[in-house]
Amino acid sequence: MTIQWFPGHMAKARRQVTEKLSLIDIVFELVDARVPAASRNPMIDEIITNKPRLLLLNKADMADPKVTNEWVAHYKQIGIPALAIDSQAGVGMKQIVAEAKVILQEKFDKMAAKGIRPRAIRALIVGIPNVGKSTLINRLAKKNIAQTGDRPGVTKAQQWIKVGKELELLDTPGILWPKFEDQEVGLKLATTGAIKDTILNLQDIAVYALRFLQENYPNRLKERFNIEEIPEDIVEIFDEIAKLRGCMMSGGYPDYDKTAELIIREIRTEKLGRLTFEKPELNI
């Protein structure tokens with residue numbers, strides 16, 4: 001299965017981001033802590049060029065905490081300041097402004113030396129769809145300014161948003177890139193909900209997710225679906241889950257579409273616990 005999704009408004013958003021770069025001091029790049037490499041858009045590097053950047057690993061409450069710490073350390077090691085946050089609950093919000101001030105200290109010192117009056121930090125928020133940009137903005141602004149939703153593609157326009165006296169944010173629509181060079185990236189993004197389910201074959205996504213759980217979190221898989229020994233054959237796992245959860249068709253045959261939907265839903269709603277779908281040593 002080949003996964004692609006590049007609606008017209010995303011191409012437009014790329015152009016708009018490029019046009020606004022001269023107005024901003026720093027880029028807040030928001031990624032999903034469950035897929036910290038796969039949810040980074042390689043086009044962002046091309047677009048923001050040499051602008052200072054702060055990488056925010058959002059949805060850290062849904063990710064494996066041990067692996068999240070490894071990712072933060074990894075990014076810092078390669079020269080990208082990074083923070084783990086949970087914009088839904090407001091965890092890590094104060095750290096964002098504090099870290100941005102540290103990153104921009106030299107620039108603002110130079111401005112002060114030239115007699116330029118202090119002003120708010122101007123930040124651009126970028127990230128792929130459904131990574132939580134609007135939720136982060138609303139949490140920072142302490143009011144519902146940006147439209148939110150649990151599906152990708154909610155934000156379709158750009159807007160400036162004031163956050164107290166210290167920060168001004170430029171929101172942008174989520175931008176995916178035209179082609180996934182590695183199809184596993186598409187599978188990871190589909191599993192975590194960054195790509196609309198309506199354009200996906202959910203059975204293929206569920207197969208990928210089960211194989212991942214089988215290799216990395218086998219005990220979670222056993223406990224959640226009451227499986228004593230995990231079969232090597234993915235179809236047999238599907239069959240066991242279908243029987244356990246009553247996902248059966250007439251004649252006693254498993255309903256694989258219904259079973260796939262159930263598996264993906266349970267992963268996304270943390271019924272199998274906090275999961276991270278990639279580790280930093282595999283992405284260096």
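**Buried elements and cores**

User: Which residues of α5 are buried?

Analyst: In this predicted model, they are K133, S134, T135, L136, I137, N138, L140 and A141. Each therefore has under 20% relative accessible area.

User: Why is helix α5 called largely enclosed?

Analyst: The helix covers residues 133-141. Eight of its nine residues are buried, so the rest of the structure largely encloses it.

User: Why is strand β6 called largely enclosed?

Analyst: β6 spans residues 167-171, and four of its five residues are buried. The conclusion is that it is largely enclosed by the rest of the structure.

User: What makes β4 and β6 a pair?

Analyst: Pairing needs at least two bridges between the strands. Four bridges join β4 (residues 121-126) to β6. The strands therefore pair, and they run parallel. R122 stands opposite E168 in β6.

User: Which residues have the most contacts inside the largest nonpolar core?

Analyst: F28, L56, I96, L136, L167 and L169, in a core of 63 residues. The largest share, eight residues, comes from helix α7 (residues 202-216).

User: Which residues is L56 in contact with, leaving aside neighbours within four places in sequence?

Analyst: F28, E29, L30, V31, L83, I85, I96 and L136. Each therefore has a heavy atom within 4.5 Å of one in L56.

User: Which residues does the second core include?

Analyst: L57, A60, Y75 and A82 are among its twelve residues. This core is separate.

User: Where in the protein chain is confidence lowest, and where highest?

Analyst: Lowest in helix α1 (residues 8-20), at a mean of 68. Highest in strand β3 (residues 82-84), at 98. The mean pLDDT of the protein chain is 86, and 86% of its residues reach 70 or more.

User: Over which residues is the pLDDT below 50?

Analyst: Residues 148-157. Beyond near neighbours in sequence, this stretch has 30 contacts in the model.

User: How many residues of the protein chain count as buried, as a percentage?

Analyst: 52% of 284. The chain has ten helices and six strands.

Terms used:
Residues numbered from 1 in each chain as written. Predicted model: local features only at pLDDT ≥ 70, side-chain atom pairs only at ≥ 80, totals over all residues. Heavy atoms only, no water. Helix = DSSP H or I, 4+ residues; strand = E, 2+ residues; numbered from the N terminus. Buried < 20%, exposed > 50% of the residue type's maximum accessible area, 1.4 Å probe, protein only. Core = buried A, V, L, I, M, F, W, Y, C linked by side-chain atoms within 4.5 Å. pLDDT = per-residue confidence, 0-100.
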